[in-house]
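Thanks for coming, everyone. Let me put the structure up, and then we'll walk through it.

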Amino acid sequence: MQTALPILMYHHVSPNPGLVTVSPDVFKAQIEDLAKKGWRSIGTQEVESFFAGNPLPPKSLLITFDDGYLDNFVHAHPVLAEYGMKAVNFLVTSWVKDGPIRQGIHETPNHRECKRRISDGDSDSVIVRWSEVEAMQAAGTFEFHAHTHTHTRWDQQGINIPNCCDALSEDLANCQLILRAKLGGLSRHLCWPQGYYQAEYIEVAKAAGFSHLYTTQARVNTIDGDSSHIGRFAVRDKRGAWLSKRSEIYSRPQLGKIYNWLKGL
């Protein structure tokens with residue numbers, strides 16, 4: 001049985017190169033390679049069971065996406081469906097709008113342009129809609145969880161820790177309110193914006209109902225580990241066996257720790 005959980009971190013799957021982006025062809029090759037080698041993607045119920053002390057079947061991993069970009073629906077969703085894989089998508093709830101499902105191929109701008117449009121109040125052109133969220137949930141390719149309501153780094157707002165915690169508490173409450181209204185329930189899984197958190201934030205998140213907190217750090221997630229500090233490794237735009245090899249490293253506790261130690265030298 002498996003006692004360490006590799007967690008993959010994606011943002012964009014798009015033909016437009018940029019930061020934190022994997023091309024559609026590479027994404028398909030990566031998922032195909034994982035499927036052919038017997039890897040299985042799990043959901044958050046199995047994540048919770050794992051951190052409660054229950055080993056996973058061999059070759060288990062968790063696939064995650066941050067921010068809920070439209071390209072996840074256009075390019076990642078069909079590939080996951082084709083290979084019987086699933087992923088977790090962490091949504092910034094204020095960015096997700098109402099509207100019909102978009103049909104056909106849509107523009108999927110690069111990361112910088114997506115950020116510009118979101119900043120200008122045009123998140124709908126680059127972020128999934130609630131109708132698309134529901135379609136992906138129904139297909140079993142994605143489940144959706146929290147990435148806060150506003151994606152704000154409160155430590156960068158020029159306020160002290162107590163005020164940061166108050167602002168974060170309101171932000172998380174709004175996020176949970178929207179998730180309950182749109183998806184029918186609260187989330188127990190929260191991904192920190194830009195992976196940043198302070199020790200005080202953890203108690204705020206727990207008070208808001210979150211028990212599993214995700215970072216952008218490539219930690220080794222062991223069965224006896226802390227679900228308040230869940231690590232993920234960033235997936236690169238690389239073909240071949242790169243991703244399956246990296247997943248294998250992080251599925252083996254000692255090997256993963258040695259690998260991280262060597263990276264830090």
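First, a term: a residue is buried under 20% relative accessible area, exposed over 50%, and partly exposed in between, using a 1.4 Å probe and protein chains only. This is a predicted model, where local features need pLDDT of at least 70, side-chain atom pairs count only at pLDDT 80 or more, and totals for chains, interfaces and linings use all residues. Residues are numbered from 1 along each chain as its sequence is written, and side-chain values use heavy atoms, with hydrogens and water left out.

Start with His-75. His-75 is buried, because its relative accessible area is 16%. His-75 sits in helix 3. Helices (H or I, at least four residues) and strands (E, at least two) are DSSP runs, numbered from the N terminus. What does His-75 touch, not counting residues up to four places away in sequence? Val-13, Ser-14, Pro-15, Pro-24, Phe-27 and Thr-108. Contact here means heavy atoms within 4.5 Å.

Next, Ser-60. Ser-60 belongs to strand 6, residues 60–67. Its relative accessibility is 0%, so Ser-60 counts as buried. Setting aside neighbours within four places in sequence, Ser-60 contacts Gln-2, Leu-5, Pro-6, Trp-39, Arg-40 and Ile-42. Now look across to Asp-166. Asp-166 is 106 residues from Ser-60 along the chain, and their C-alpha atoms are 37 Å apart.

On to helix 5, residues 130–139. Which residues of helix 5 are buried? Trp-130, Ser-131, Glu-132, Val-133 and Met-136. An α-helix has 3.6 residues a turn, so residues three or four places apart point the same way. The buried residues of helix 5 pack against helix 3 (70–82), strand 7 (87–91), strand 8 (142–146) and helix 6 (161–183). Just after helix 5 comes Gly-140, with a positive phi of about 80 degrees.

Now the whole chain. The protein chain has 9 helices and 12 strands. Buried residues make up 52% of its 265 residues. Take contacts between residues at least 6 apart in sequence: 72% of them join residues at least 24 apart. The C-alpha atoms fill a box of roughly 45 × 40 × 35 Å along the principal axes.

Last, the radius of gyration, taken over C-alpha atoms; the globule rule is 2.2 Å times the number of residues to the power 0.38. For 265 residues, a compact globule would come out near 18 Å, and the protein chain has 18 Å, so the two agree.
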